[in-house]
Amino acid sequence: MTNTTLKPGSGKELKRLFALLTSSIGETLGSLVSREIVVRPLEPEQREVEAFLGSLQKGCAVARGALDKGFAGKSFLAMIEVADAIAMAGLLMMTPDDIIAQRRNKGALEGEDADAFGELGNVLYSGIGNVLREQVGNVDVRFQDHGVVKPGVDKDGVLGTTALMVFGFRMKVGDYPESIGALAVDLATAEAWNKAPLEFGTADGAAAAAGTTPAASTGPSTKVDDDGLDSIPAAPVRGTLAAFVLQPEVFKTLRRSCRRVGLEIRRHGRGEIPNPAAHKNEVVLLDVPPGEDRRFDWCRRIKELSDSTKVVLLIHHPSRQRVTQAFLSRADAILGFPCDELQLSQKLGSLIPAEGSAPTPTPANGPATPGS
């Protein structure tokens with residue numbers, strides 16, 4: 001079987017699910033090792049195991065999960081380049097930076113690093129399980145074991161022999177160089193989660209039709225899917241949204257929602273702190289993943305300066321305590337993430353004036369008065 005990619009329009013539900021799963025990697029592991037971990041989903045492909053191994057350029061640590069309930073007997077695979085697995089294992093154990101650098105250069109996941117990677121696998125599959133239970137239903141997953149694959153070699157047999165749906169991603173752990181990783185399940189499981197058959201077209205065939213020669217495969221595709229942004233009619237611009245987001249999947253969902261409701265989006269840098277005075281009469285969206293509770297204070301400071309600024313808190317995996325914090329920070333809208341794009345659109349649309357009307361700022365202590 002040749003490497004195949006999904007045809008345009010096919011697998012939308014599956015892509016959405018795996019975008020949420022890749023987002024959970026950054027949140028879950030980042031909070032565990034106390035480093036920012038950025039994970040960006042790439043275009044999925046169907047691969048035979050042998051072909052996938054042949055496409056690898058670097059060794060990968062593989063954390064294998066065992067699916068349960070309606071998918072008992074199936075495996076879920078999470079692959080991370082060995083260098084990053086060593087780095088995260090070292091950070092978990094508070095290993096000095098110079099020792100982590102030495103082990104990364106050696107490139108062998110062994111000893112206490114291998115044991116620590118097993119602990120990372122346990123926590124990783126806890127996050128993956130949360131998403132699967134919420135989005136798929138009748139499924140659970142637990143960490144089973146781990147191994148290492150190298151270009152052309154799967155000595156531990158962790159990948160199995162069944163053709164895989166491979167969902168590649170780019171990953172950046174702290175200040176370490178960006179790497180390539182992947183999540184994978186068998187094709188039958190992928191189609192069940194998509195709730196519809198998947199349609200494929202070979203990359204070679206598409207290139208031939210265009211009269212071009214395909215480049216040699218270097219692992220998971222690096223093309224980022226914009227998930228059909230152009231398919232959404234652009235509403236007339238009714239305001240500006242300042243986005244302080246950390247996860248790529250959040251920004252992708254937000255961009256679609258803003259296009260739908262007529263908000264001009266302005267993305268701020270990952271380390272940037274909002275200046276309350278700069279956002280009067282705007283909507284500010286604060287992405288609040290685990291470990292970023294200082295963003296509740298940002299919301300409070302914005303609202304104390306001007307109630308004309310509307311603040312949306314997008315809380316990842318919300319708990320009763322964090323939702324209470326959001327209410328106390330006087331947020332205008334609170335939403336849990338992962339969330340549906342239409343649900344986010346509805347929240348945003350309620351915060352901006354109807355087309356053709358002017359905004360009416362209201363002070364926190366009561367209705368507007370002349371000269372206020």
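In the predicted model, the axes of helices α1 and α3 come within 8 Å and cross at roughly 45 degrees. On the side of α1, the contact is made by Leu29, Leu32 and Val33, and on the side of α3 by Met88, Leu91 and Leu92. By class, this contact has six nonpolar residues, with no polar and no charged ones.

Helix α1, which covers residues 12-33, also packs against helix α6, formed by residues 187-194. Here the axes come within 7 Å and cross at roughly 100 degrees. An angle of 65 to 115 degrees counts as roughly perpendicular, and α1 and α6 are therefore roughly perpendicular to each other. The contact involves Lys12, Glu13, Leu14, Leu17 and Phe18 of α1, together with Ala190, Trp193 and Asn194 of α6. In the contact of α1 with α6, five residues are nonpolar, one is polar and two are charged.

In general, a pair of aromatic rings is described by the distance of the centres and the angle of the planes. A search of the whole structure finds seven aromatic pairs. In the pair formed by Phe18 and Phe167, the ring centres are 3.8 Å apart and the planes lie at 5 degrees, so the pair is stacked. Since Phe18 belongs to helix α1 and Phe167 to strand β7 (residues 164-173), the pair ties together parts that are 149 residues apart in sequence.

Helix α3, comprising residues 82-92, packs with helix α4, comprising residues 97-106, at an angle of about 155 degrees, and their axes are 9 Å apart. Because angles over 145 degrees count as roughly antiparallel, α3 is roughly antiparallel to α4. The crossing of these two helices, α3 and α4, is right-handed. In α3, the residues Ala83, Asp84, Ile86, Ala87, Gly90 and Leu91 meet Ile100, Arg103 and Arg104 in α4. The residues of this contact divide into five nonpolar, one polar and three charged.

Helix α5 spans residues 111-135 and has 25 residues. The distance from the first C-alpha of α5 to its last is 36 Å, close to the 36 Å expected at 1.5 Å a residue. Just after α5, Gly137 takes a positive phi of about 80 degrees.

Most residues other than glycine have a negative phi, and most peptide bonds are trans. Ser34, a residue other than glycine, has a positive phi near 60 degrees. Ser34 is located in the loop between α1 and β2 (37-41). Phe337 and Pro338 are joined by a cis peptide bond, with omega at about 10 degrees. Pro338 lies in the loop between β14 (333-337) and α11 (341-349).

Conventions: Residues numbered from 1 in each chain as written. Predicted model: local features only at pLDDT ≥ 70, side-chain atom pairs only at ≥ 80, totals over all residues. Heavy atoms only, no water. Axes fitted to C-alpha atoms, helices over the stretch in contact; angles between N-to-C directions. Helix = DSSP H or I, 4+ residues; strand = E, 2+ residues; numbered from the N terminus. Parallel < 35°, antiparallel > 145°, perpendicular 65-115°, else oblique. Left-handed = near helix turned anticlockwise from the far one by under 90°. Contact = heavy atoms within 4.5 Å. Nonpolar A, V, L, I, M, F, W, Y, C, P; charged D, E, K, R; others polar. Expected span 1.5 Å × (residues − 1). Phe/Tyr/Trp six-rings, centres within 6.5 Å; stacked < 30°, edge-to-face > 60°.
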